[in-house]
Amino acid sequence: MLAATNPEALQREKQKKRVGLKDLPNAQQGKVVLRFAPNPNGPLTLGHARGVSINSEYAKMYHGKVVLRFDDTDSKVKPPMPAAYDWIESDYEWLTGAKADIIIRASDRIPLYLDHAEQMLTGGFGYVCRCSAAAFKQLRDGKEACPCRPRSVEDNLIDWESMKEGNIAEGEAVVRVKTEMDLPNPALRDWPALRIQHSTHPMVGNRFKVWPLLDFQSAIEDHLQGVTHIIRGKDLMDSTRKQTILYSHFGWTYPETLYWGRVKVYEFGGFSTSGMRAEIENGVYSGWDDARLPTLRALRRRGFDATALRAFWIDLGLTQKDISVSLQTIEAFNAKEIDANCERRAFVRNPVSLELRTEMDESNPMDMISVPKHPDGKIEGARIWNLASQRILIEKQDAEIETIRLKDYADISNINGRATVQSWDRSDRRPIVHWIPENMARQAELSIPNGMKLHSVKGMIEDFELNIGQIIQLERVGFAKIESLADDLPVKLIWLHN
RNA sequence: GCUCGUGUGGUGUAGUUCGGUCCAUCAUGUCGCCCUCUCGAGGCGACGACCCGGGUUCAAAUCCCGGCACGAGCACCA
């Protein structure tokens, strides 16, 4: 019966998960222009990485471009940080493997915005408003137009010139975009486009007295750059609506707009750049690359891989849900990415020294052994261990077990600090432990970020071809990166993940 | 309060446009087993979800109505 009504239902296939990002609406190959527009008030964080990853991935899918735009039009509330421009450019490059196609700073382009503001005034779809913010809000909430609204273009232009000259004090005037005053959403009614700021901008000084607000600057610049698709947080949905009104005043077509929800990573909480900045200044954190911070610089320092990070964000995709993810998931992506490139080394925490009694005989005269750099042979070569000293180190915990197998070497019994070889081959199912010959061991300190704290684990590391910056997998411990190798000091390791 | 948005296993995601191929995908997680050599690795397996209530229909995760929950915006910040 089913066969008659719906033949295909008989041979149902398991469905597949779509891989990669959804198609962009109304996108043409080679013509897509996207943008990533951070505020340069610090380096990029894990949260920004979502924007960078998704925008650059779409650009790749459609052979389009990404505009990296610094939205630095406020020098009072969120003053830009001069060093952050370069940081962000290099963070972007690290993450995507290439520089952004176009890089611009809003603060370099103020005349363009002022010019459009003037067009708006001349065109009669904007006006200079001299009401106080509070007074305007009250009128707006009552759907009433403010007294400045019906003034003539000429009067507006006169005030506009005074604003630009610096003859009107901050807060005394603002340029508004005309909308319907009875719009259901009060946030949209005659929204402010430019305001007066007499403070000094760190990049361009005090050349300009009038500065555009984000909604205006961003709208004009998107048009100037030919942006076809905007991907932004859903907290900016009202921006889209405001800007759409402005676009129709100018006779432009608004770009396709997509949104994402808020992301929280359990281990880090939110990502407030200004919050981190304050904590760094207070000495709570050592710097932007402090291992406890969710900045890209900190993650990079710990050994997170850019490809893995991108893969993680692309897998999450673009949804409007507010989500909480675990760092563990990111770590799983990272482990998959780096495992094949990480050599293995032994790191013995809380080392206990044992005397190794081998009773060398014909069958096993070796005092040199070789252990693979990677268990699957994904990395060529071996680590050569010299057993001349006849003393070995194992972890205290492992020393409490009487019969163990020294990984890649021998089954032993451990009685009163004496390790006696029982068999070279694996003879039973005793636990396998990692170990190192004492003469191959070097002091090391592993630093493990754990929430707000930074734990330190001391131990001895296998001293075989260690290099600064190298990410290794400590056998039975996890991934770590070598931070420093000073001659007389313990090797410094920074923890990555399991 | 007003405006807007979102609800699929512990977490994240696919599927929702055009109802049947979905007793619902994949990843992560948890648990278990295996391992001729990392028991915090690797292999295998199991667990676990369509917010609720109605309606339309032969058939609803998918369409309609009504609830509920959560989130965001309502700055002369970005």
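In what order do the strands of the open sheet of seven strands stand? The order is 21-18-19-20-14-17-22, with mixed pairing.

This is a predicted model, in which local features need pLDDT of at least 70, side-chain atom pairs count only at pLDDT 80 or more, and totals for chains, interfaces and linings use all residues. Residues are numbered from 1 along each chain as its sequence is written.

View 1. Strand 18 (residues 403-406) runs parallel to strand 21, joined by two bridges. Leu406 stands opposite Val433 of strand 21. Strands are DSSP runs (E, at least two residues) and helices are runs of H or I (at least four), numbered from the N terminus; two strands pair if DSSP finds at least two bridges between them.

**View 2. The largest pocket, with a volume of about 1600 Å³.** Among its 48 lining residues, Ala37, His48, Lys78, Asp235 and Leu236 are the closest to its centre. Helix 2 gives the largest share of the lining, five residues. A pocket is an open set of points on a 1 Å grid over the protein atoms alone, with protein on both sides within 12 Å along at least five of seven lines; lining residues have an atom within 4 Å of a point.

**View 3. The largest cavity, with about 40 Å³ of space.** Val371, Trp385, Lys407, Asp408, His434, Trp435 and Glu475 line this cavity. A cavity is a set of grid points where a 1.4 Å probe fits but cannot get out; its volume is the space filled by probe spheres set on the points, which are joined across faces, edges and corners.

Terms used:
Chains are lettered from A and ligands numbered from 1 in the order in which they are written. Side-chain values use heavy atoms; hydrogens and water are left out.
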